[in-house]
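Hi everyone, thanks for making time for this. I'd like to walk you through one structure, so please have a look at it with me.

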Amino acid sequence: MTPLAIEIMIECYRCPKPGANIPAQIWNSAAAQSERKNLVALDLIDSDNLRATKLGMAWVEKICATPIPVDGP
C-alpha cells in the first residue's frame, strides 16, 4: 500500500465528498486515479461515490489504532 493510497483511503473514510480535502492536481493525477481503481478492486471504496466500504472503514480504523513505535529502525 502506497502513501498516496493511504491518503486517499483516509479521505474516502472521513469526507462526505471524497477529494474535497486533497489538492485537485493530486486527486485528479493519473497515480491517484490508478490508486482509486485499485481500492475499488480491493472493495475498500465504493465505485459509485468513492466512500469507504465497511471493509475500508475497518482497515482505516486498524491503521489509526496502530501504536507509534517506541524505537526507531
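Let's start with a question: which side chains meet in a salt bridge? Those of Glu11 and Arg14 do, at 3.3 Å from N to O. Before I go on, a word on what you're looking at: this is a predicted model, where local features need pLDDT of at least 70, side-chain atom pairs count only at pLDDT 80 or more, and totals for chains, interfaces and linings use all residues. Residues are numbered from 1 along each chain as its sequence is written, and side-chain values use heavy atoms, with hydrogens and water left out.

Back to our pair. By salt bridge I mean a side-chain nitrogen of Lys or Arg within 4 Å of a carboxyl oxygen of Asp or Glu, and by that rule the count comes to one. Glu11 and Arg14 are three residues apart in helix H1, which means about one helical turn separates them. For helices I'm using DSSP runs (H or I, at least four residues), numbered from the N terminus. Glu11 is also buried, with a relative accessible area of 1%. Buried here is under 20% relative accessible area, exposed is over 50%, and partly exposed is in between, using a 1.4 Å probe and protein chains only.

Now helix H3, residues 30–41. It has twelve residues and reaches 17 Å from its first C-alpha to its last, close to the 16 Å expected at 1.5 Å a residue. That expected span is 1.5 Å times one less than the number of residues. Which residues of H3 are buried? They are Ala32, Glu35, Arg36 and Leu39. They cover an arc of only 100° around the axis, so they sit on the same side of H3; the arc is that of the directions from the helix axis to the C-beta atoms. On the face turned away from that buried side, H3 carries the exposed residues Ala30, Lys37 and Ala41. And what covers the buried ones? The cover includes helix H1 (3–14) and helix H2 (24–27), with contact meaning heavy atoms within 4.5 Å.

One of those buried residues, Arg36, has something else going on. Arg36 lies over the face of Trp27, at 4.3 Å from the ring centre. To count as over a ring, NZ of Lys or CZ of Arg has to be within 6 Å of the ring centre and within 35 degrees of the ring normal.

Last stop: the loop between H3 and helix H4 (54–65), where we find Leu42. Leu42 is partly exposed, at 48% relative accessible area. Leaving aside neighbours within four places in sequence, Leu42 is in contact with Met1 and Leu55. Thr53 is in this loop too, but at 14% relative accessibility Thr53 counts as buried. The C-alpha atoms of Leu42 and Thr53 are separated by 10 Å, and the two residues are eleven apart along the chain.

And the backbone? Most residues other than glycine have a negative phi. Asp43, which follows H3, has a positive phi near 60°, and this residue is partly exposed at 44%. Leu50 also lies in the loop between H3 and H4, and Leu50 has a positive phi of about 60° although it is not a glycine.

Definitions and conventions. Helix = DSSP H or I, 4+ residues; strand = E, 2+ residues; numbered from the N terminus.
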